[in-house]
Amino acid sequence: MTTGFTMTIAGVAIAGASEYDVLDPADETVAGRAPVCSPEQLDQAVAAARAALPGWSATPFEERRKLVLAVADAVEAQLEPLKRLLTREQGKSLDDAAGEILGFGYWLRGTASLSLPETVNEDSAERLSVTRRVPLGVVGAIVPWNYPLGNAGFKLAPALLAGNTVVWKPSPFTPLTTLKVGEILRDVLPPGVLNVVSGDAGLGPRMTEHPGIDMISYTGSTRTGRQVMAGAAPTLTRVTLELGGNDPAIVLPDIDVPAVAEKLFWGVFANSGQVCLAIKRLYIHRDVYEPLKQALAAYAGTVRMGPGTEAGVRLGPVQNRPQYDRILSLLDDSRAHGHTFAIGGPPQDQGQDGPGYFVPLTLVDNPSEDSRIVQEEQFGPVLPLLRFDDIEDAVTRANAGEYGLGASVWSADPEAALAVGRRLEAGTVWINEVQHLTPYVTFAGHKQSGLGSESGPEGLIEFTAPRTITVRRDGTTATAVS
Ligand code: NAD
């Protein structure tokens, strides 16, 4: 599965106008070569999706449900080779790669169990009026590099179930698994229903501006989200934006430190911190600050970081060079401002200079609130620990800033935690857990963390437009609106 990557347009393999190297972040060797989609090939992909639209949108909902389930089956049947490929291009451990692929299947199955609502507005002698949800048309699905399949599942499942056709674009850093999934699905879905294109930095903007695309479902950084919205504005293309986060967790003084430390650790460092919903600022009450810091540091010492293909490794490298350099600049800034690293710090200080984008697990000990490591989304294995005395102060600091994706509160007293949680400005607030998502629950960012929602019934509705049909009865017997 490491050679021969082609795009999928109208159900067939299409080579790119050219190719580029996709690097393995663990050693910077070439993991594979990906096609570069030319502007003409993007036009072909959009045309294929548009040509498939009448047939797919007219396919009975129950049939589409079965085909979405068949997509899950076909991808899971290739779990072994796909997980190796995902680890090579993304860097995560083989177990985590398997978890992501199975999660993709879980999302498709869960979403396939949902249905679209129908509202009877009026059923009287004069009039029958019904509102149903109809597909938007051709959906452009644009996905980041942290969970190439996981994030795509959030989009493909509802888009296809609702009757849309799709052009799916992975990040240029992680296109290989997506291209293989496109290949696997050529025999599963009718031609043109799902097209997969890959390319350079120009491809995403061309999609957002493409007049043949009716909706952009985008996941990625807030900065790029603004560009997506601007690109979509001239044609009023619908957008959903799932963007960045700088999620706070607030730890109250009554927690059981040893029990909570491990959960917090994984809430921060899973996928080496490259999770939109990772805890990115940890506010700890002064009574438990030192013991929790020590417990986190001790637990970190038990977790092995290395190439995701190696046995026993649980955390891999940062996925790409620009992100690695950004995290290093945050660490340099912390060092320049005299912050203390409870563990970790800049890789060069740890004697790490080998190939691969490895950043040591790092805890920054109570940096000032206005420092870059607190104010910016780090998206890597680096966490600021922040001490607070007064819960009012913690809530104010947690709510500051442009983001509002997720938040969590940790306490032995769920009611006390809830009282705090209700005051946090975020689309999802967890009490005594974090990052728990399901296909049945709406997921949305507040403030500049997003626009619209994904998952659950509301996420499915995002891929539709309401259509109201009204029949004047005037003594006739019209009883159905279809
Ligand atoms: P990114 O914004 O650089 O890229 C994301 C995708 O957008 C890629 O496919 C990229 O090629 C494409 N793209 C880049 N410029 C574009 C443009 N002008 N128009 C259209 N598409 C364009 O983000 P990233 O660095 O790949 O991902 C990391 C970010 O994603 C983090 O901020 C993280 O928090 C966020 N994220 C959010 C969620 C969520 O659900 N809210 C989930 C995962 C990641």
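Author: The count comes to 32 salt bridges, a salt bridge being a side-chain nitrogen of Lys or Arg within 4 Å of a carboxyl oxygen of Asp or Glu. The model is predicted, so local features need pLDDT of at least 70 and side-chain atom pairs count only at pLDDT 80 or more, while totals for chains, interfaces and linings use all residues. Residues are numbered from 1 along each chain as its sequence is written, and side-chain values use heavy atoms, with hydrogens and water left out.

One of the salt bridges joins the side chains of R321 and E28, at 3.5 Å from N to O. R321 lies in helix α11 (residues 321–336) and E28 in the loop between β3 (18–23) and β4 (30–36), so this pair ties together parts that are 293 residues apart in sequence. Helices (H or I, at least four residues) and strands (E, at least two) are DSSP runs, numbered from the N terminus. R321 is partly exposed at 36% relative accessibility, and E28 is partly exposed at 30%. Here buried means under 20% relative accessible area, exposed over 50%, and partly exposed in between, with a 1.4 Å probe and protein chains only.

A further salt bridge is formed by E392 and R423, whose side chains meet at 2.8 Å, N to O. This pair also links distant parts of the chain: E392 sits in helix α13 (residues 391–399) and R423 in the loop between α14 (414–421) and β19 (428–431), 31 residues apart. E392 has a relative accessible area of 39% and is partly exposed; R423, at 39%, is partly exposed as well.

E122 and R127 form a salt bridge with their closest N and O atoms 3.3 Å apart. E122 is partly exposed at 26% relative accessibility, and R127 is partly exposed at 26%. Elsewhere, a network of salt bridges links E19, D21 and R33.

Now the strand. In β10 (residues 215–219), 5 of 5 residues are buried. In a regular strand the side chains alternate between the two faces of the sheet. M215, S217 and T219 point one way from β10, and I216 and Y218 point the other way. Strand β7 (residues 138–142) runs parallel to β10 and is joined to it by 4 bridges; two strands pair if DSSP finds at least two bridges between them. G140 has I216 of β10 as its bridge partner. Strand β11 (residues 238–242) also pairs with β10 in the parallel sense, over 5 bridges, with T219 opposite E242.
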